[in-house]
Amino acid sequence: MILKGKSAIVTGSTSGIGLAIAKAFAAEGASVTINGFGDAAAIETERAALEATAGATAYYSNADMMDPAAIEAMVKACSDATGGPDIIVNNAGIQHVAPIEDFPPDQYEKIIKLNLSAAWYLTRAVVPIMRAKKWGRILSTASAHSLTASPNKSAYVMAKHGIAGLTKTIALEVATAGITVNCISPGYVWTPLVENQIPDTMKARGLTREQVINDVLLDAQPTKQFVTPEEVAALALYLCRDEARSITGANLSIDGGWTAQ
Ligand code: NAD
């Protein structure tokens with residue numbers, strides 16, 4: 001149980017990659033705070049399962065990660081309850097697919113707030129706690145789109161490139177404090193976020209569902225396979241190990257070879 005006694009906040013963890021990361025941390029004994037939206041009963045079932053797995057209390061925060069005050073309140077609740085967090089994963093994210101001239105400004109603002117600014121606010125709130133403990137792990141789920149671009153995803157690509165910049169900057173600021181800061185850049189992972197963008201991509205590019213899956217999504221990945229949430233979670237867990245203490249400021253691809261091209 002390598003995370004016994006540690007406390008983690010994983011944002012956007014009621015579904016997809018975040019939930020897989022929360023499960024991987026709980027399986028190693030961490031007290032996990034999950035966050036995100038969805039059906040209250042389903043979220044409570046997940047929270048209870050994490051608690052049973054970890055043998056440590058699991059918490060749920062309904063903080064809207066677009067709201068800086070809610071982010072601070074979530075950190076305070078975690079700190080009051082656990083003394084942590086020792087680990088955070090900036091993971092909550094949304095997508096919108098449209099050419100820039102049709103891109104709704106409110107969607108642009110939401111993506112920048114959630115996929116980028118939330119990570120800045122959460123990192124700002126937890127660094128003092130981690131400094132005091134002389135140990136910390138700050139992780140973000142970036143994307144292959146932190147390294148390369150695709151058309152019709154201007155806001156998302158901007159936000160993810162920003163996460164890579166935040167990662168490098170904070171890694172330098174806390175380098176001597178026992179805290180590492182890294183981002184993980186998955187290619188396409190089969191989650192609701194990917195499934196939900198298929199209709200817009202069909203519209204934007206005039207393609208069928210099958211054409212979007214095979215000719216747009218998997219076309220980018222030489223392996224021709226989706227990455228799984230569990231593979232991303234295993235990498236996140238590795239970065240929390242003491243052996244990973246010299247990995248910092250890194251942007252780690254897990255993308256089936258996409259960005260090698
Ligand atoms: P998902 O849609 O399954 O999960 C998104 C989570 O964010 C959910 O728990 C949702 O409730 C939560 N959320 C949405 N709005 C929120 C808000 N305002 N405040 C708090 N939580 C909110 O998506 P996913 O695919 O698991 O994506 C997770 C992260 O991984 C995102 O940052 C995404 O950009 C990134 N990513 C995904 C892929 C992929 O192919 N799925 C690839 C690379 C990177």
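Predicted model: local features only at pLDDT ≥ 70, side-chain atom pairs only at ≥ 80, totals over all residues.
N152 is buried, with a relative accessible area of 18%; here buried means under 20% relative accessible area, exposed means over 50%, and partly exposed is whatever falls in between, using a 1.4 Å probe and protein chains only. The residue sits in the loop between β5 and α5, with helices (H or I, at least four residues) and strands (E, at least two) taken as DSSP runs and numbered from the N terminus.

Residues are numbered from 1 along each chain as its sequence is written, and side-chain values use heavy atoms, with hydrogens and water left out.

You'll find K134 in the loop between α4 and β5, and at 64% relative accessibility it counts as exposed.

There's also a cis peptide bond, running from G84 to P85, with omega near 10°. P85 belongs to the loop between α3 (68-82) and β4.

What does β5 pair with? Strand β4 (residues 87-90) is joined to β5 by 4 bridges, and the two run parallel; strands count as paired if DSSP finds at least two bridges between them. Within that pairing, I87 stands opposite R137. β5 also pairs with strand β6 (residues 179-186), again in the parallel sense, over 6 bridges. Here S140 faces C183 in β6, and I138 has V181 as its bridge partner.

## Crossovers and the β6 side

β4, helix α4 (residues 105-133) and β5 make a right-handed β-α-β unit; right-handed means that, with the strands pointing away from the viewer, the path from the first strand over the helix to the second runs clockwise. β5, helix α5 (residues 154-173) and β6 form a right-handed β-α-β unit as well.

With 8 of its 8 residues buried, β6 is largely enclosed by the rest of the structure. I179, V181, C183 and S185 point one way from the strand, T180, N182, I184 and P186 point the other way, and all are buried. β6 is also joined to strand β7 (residues 251-254) by 4 bridges, running parallel, and in β7 the bridge partner of C183 is N251.

## Around the ligand

How many residues surround the ligand? There are 30, and the closest are T14, S15, Y156, V189 and T191; a residue is included if one of its heavy atoms lies within 4 Å of the ligand.

Several polar contacts are worth a look, meaning pairs of N or O atoms within 3.5 Å (within protein, one must be able to donate a hydrogen and the other to accept it, and residues adjacent in sequence count only if both atoms are side-chain atoms). A polar side-chain atom of D64 lies 2.8 Å from a ligand nitrogen atom. N91 uses a backbone N or O atom, 2.7 Å from an oxygen atom of the ligand. For Y156, a polar side-chain atom lies 2.6 Å from a ligand oxygen atom. Taken alone the ligand exposes 830 Å², and the protein buries 93% of that, with accessible areas from the Shrake-Rupley method and a 1.4 Å probe; for residues, only the protein chains shown count as cover.

F37 lies in the loop between β2 (31-35) and α2 (40-54). At 57% relative accessibility, F37 counts as exposed. Leaving aside neighbours within four places in sequence, F37 is in contact (heavy atoms within 4.5 Å) with T14, I43, N62, A63 and D64.

S13 is in the loop between β1 (7-10) and α1 (16-27). Buried or exposed? S13 counts as buried, at 0% relative accessibility. With neighbours within four places in sequence again left out, S13 contacts G18, L19, A22, T33, I34 and N35. F37 and S13 are 24 residues apart in sequence and 8.7 Å apart in space, C-alpha to C-alpha.
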